[in-house]
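Trainee: I want to check the labels on this model one by one.

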Amino acid sequence: MPNWGGGAKCGACEKTVYHAEEIQCNGRSFHKSCFLCMACRKALDSTTIAAHESEIYCKTCYGRKYGPKGVGFGQGAGCLSTDTGDHLGLNLQQGSPKPACPSTPTNASKFAKKMIDVDKCPRCGKSVYAAEKIMGGGKPWHKTCFRCAICGKSLESTNVTDKDGELYCKVCYAKNFGPKGIGFGGLTQVEKKE
């Protein structure tokens with residue numbers, strides 16, 4: 001029977017999809033509201049979709065269901081993913097290898113912080129990450145902590161000196177640790193005793 005006045009059938013709900021609400025993927029039509037990951041139900045677009053035969057997934061769920069399994073096949077560089085996708089209703093093949101570690105961390109960011117040996121700032125004692133790190137005296141410092149210990153002046157590579165693990169500007173260093181006497185900084189006149 002001819003399809004009078006209607007459009008194609010939605011690949012998800014099987015109802016008619018009219019042109020104004022149509023999204024096409026792999027030769028199939030979907031309503032904009034039906035264009036969702038089949039596992040986690042997140043909305044999809046052209047950058048997040050991964051299609052497998054007649055099924056559509058977000059890239060994360062697609063990787064969990066159809067990607068490589070086992071040790072060394074994580075979600076990012078140097079990671080080991082032990083997420084099986086069970087909470088999303090993904091049925092994985094029975095023959096896939098078991099993860100090396102039976103338990104997974106509850107908070108990935110806390111886990112990552114424990115795994116990475118982060119340098120501590122000598123001034124404040126807090127962690128110094130690469131985006132905020134300035135090296136001085138062979139130690140990592142926060143940009144905000146990279147100041148003279150005496151006058152508090154912000155330091156740069158051209159005016160920094162270090163002594164006993166502390167940073168100083170060249171002026172404060174010369175006044176406090178430099179040579180003393182006539183012709184060396186502070187004294188400009190010879191004081192006469194009366």
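**Labels and cut-offs**

Mentor: Start with Phe177. Its relative accessible area is 34%, so Phe177 is partly exposed. Keep in mind that this is a predicted model.

Trainee: Why is Tyr168 called buried?
Mentor: Buried means under 20% relative accessible area. Tyr168 has 10%, so the label is buried.

Trainee: What makes the pair of Tyr168 and Phe177 edge-to-face?
Mentor: Two values matter. Ring centres must lie within 6.5 Å, and planes over 60 degrees apart count as edge-to-face. For Tyr168 and Phe177 the centres are 5.1 Å apart and the planes stand at 65 degrees, so the pair is edge-to-face. The structure holds five aromatic pairs.

Trainee: Why is the pair of Tyr173 and Phe177 called tilted?
Mentor: Planes under 30 degrees apart count as stacked, over 60 as edge-to-face, and the rest as tilted. The planes of Tyr173 and Phe177 are 45 degrees apart, with 5.4 Å centre to centre.

Trainee: Where do Tyr173 and Phe177 lie?
Mentor: Both are in helix H3 (residues 170-177). They sit four residues apart, about one turn of the helix.

Trainee: How do you know that Tyr173 is partly exposed?
Mentor: The label covers values between the buried limit of 20% and the exposed limit of 50%. Tyr173 has 28%, so it is partly exposed.

Trainee: Which residues form one aromatic cluster?
Mentor: Tyr57, Tyr62 and Tyr66.

Trainee: What makes Asn159 buried?
Mentor: The limit is under 20%. Asn159 has a relative accessible area of 15%, so it is buried. Asn159 is in the loop between strand E10 (139-142) and strand E11 (160-163).

Trainee: What does Asn159 touch, beyond residues up to four places away in sequence?
Mentor: Lys153, Ser154, Tyr168, Cys169 and Lys170.

Trainee: How do you know that the side chain of Asn159 makes a polar contact with Glu156?
Mentor: The cut-off is 3.5 Å between N or O atoms. A polar side-chain atom of Asn159 lies 2.7 Å from the backbone nitrogen of Glu156. That is within the limit.

Trainee: Which residues have the most contacts inside the largest nonpolar core?
Mentor: Phe35, Cys37, Leu44 and Ile56, in a core of 14 residues. Strand E6 (residues 55-58) gives the largest share of this core, three residues. A second, separate core has eleven residues, including Trp141, Phe146, Leu155 and Tyr168.

Terms used:
Residues numbered from 1 in each chain as written. Predicted model: local features only at pLDDT ≥ 70, side-chain atom pairs only at ≥ 80, totals over all residues. Heavy atoms only, no water. Core = buried A, V, L, I, M, F, W, Y, C linked by side-chain atoms within 4.5 Å. Buried < 20%, exposed > 50% of the residue type's maximum accessible area, 1.4 Å probe, protein only. Helix = DSSP H or I, 4+ residues; strand = E, 2+ residues; numbered from the N terminus. Polar contact = N/O pair within 3.5 Å; in protein donor to acceptor, adjacent residues only side chain to side chain. Contact = heavy atoms within 4.5 Å. Phe/Tyr/Trp six-rings, centres within 6.5 Å; stacked < 30°, edge-to-face > 60°.
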